[in-house]
Amino acid sequence: MTKIVHIEITSGDVEATARFYSQVFGWRAEPSPFIPDYIMLDSGTVTGAVMSDAYKDQKVIAWYEVEDIDAALKAITAVQGRQLSEINTIPGQGKVVYAADINGTVFGLKQPG
C-alpha cells in the first residue's frame, strides 16, 4: 500500500511560513542543504517542507512512497496522468519526481534508497 511520506507547502515568504508552522505546531525547521528556498519541517513522525512558490504554484503537494518509481510513472501515464519533472536523486534519501493526475493536481513520488 502506498503511503504519504512528505508534504510540501509553497509560499512567497518561505522563512515566515516555516517559522509559522514551527511556532504553531512545534515542528523543527531547517534549511535544505540541497535546494535553495526550501526549508525542511520535521514533526517527529512526518516530514514536510516549505518551498518557494516559484518552484510550484500549488499550495500543498503530497509525496507518496513507491517501491519502483519507473513502474509508478508507467502506471500514471497509462491512465492519462503526466510526469512533470526528471527523476532526481537526493543523496541519502532516494529518487524523486513530480507527477500530475488527470486533473493536473501535482504530487510527488519518492523511491527510498
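Asp42 and Arg28 form a salt bridge, with their closest N and O atoms 2.8 Å apart (a side-chain nitrogen of Lys or Arg within 4 Å of a carboxyl oxygen of Asp or Glu). Asp42 lies in strand β3 and Arg28 in strand β2, so the pair ties together parts that are 14 residues apart in sequence (strands are DSSP runs of E, at least two residues, numbered from the N terminus). The model is predicted: local features need pLDDT of at least 70, side-chain atom pairs count only at pLDDT 80 or more, and totals for chains, interfaces and linings use all residues. Residues are numbered from 1 along each chain as its sequence is written, and side-chain values use heavy atoms, leaving out hydrogens and water.

**Salt bridges**
- The whole structure has two salt bridges.
- Arg28 also pairs with Glu30, the closest N and O atoms being 3.1 Å apart.

**Glu8**
- Glu8, in strand β1, is buried and has no salt bridge (buried means under 20% relative accessible area, 1.4 Å probe, protein chains only).
- Lys56, the nearest side chain of opposite charge, is 8.0 Å away (Lys and Arg count as positive, Asp and Glu as negative; His and the chain ends are not counted).
- The Glu8 side chain makes a contact of 3.0 Å with the side chain of Trp63 and one of 2.8 Å with that of Tyr98.

**Largest pocket**
- His6, Ile35, Tyr38, Met40 and Ile90 lie nearest the centre, among 32 lining residues (a pocket is an open set of points on a 1 Å grid over the protein atoms alone where a 1.4 Å probe fits, with protein on both sides within 12 Å along at least five of seven lines; lining residues have an atom within 4 Å of a point).
- Strand β3 gives the largest share of the lining, four residues.

Note on methods:
Buried < 20%, exposed > 50% of the residue type's maximum accessible area, 1.4 Å probe, protein only. Polar contact = N/O pair within 3.5 Å; in protein donor to acceptor, adjacent residues only side chain to side chain.
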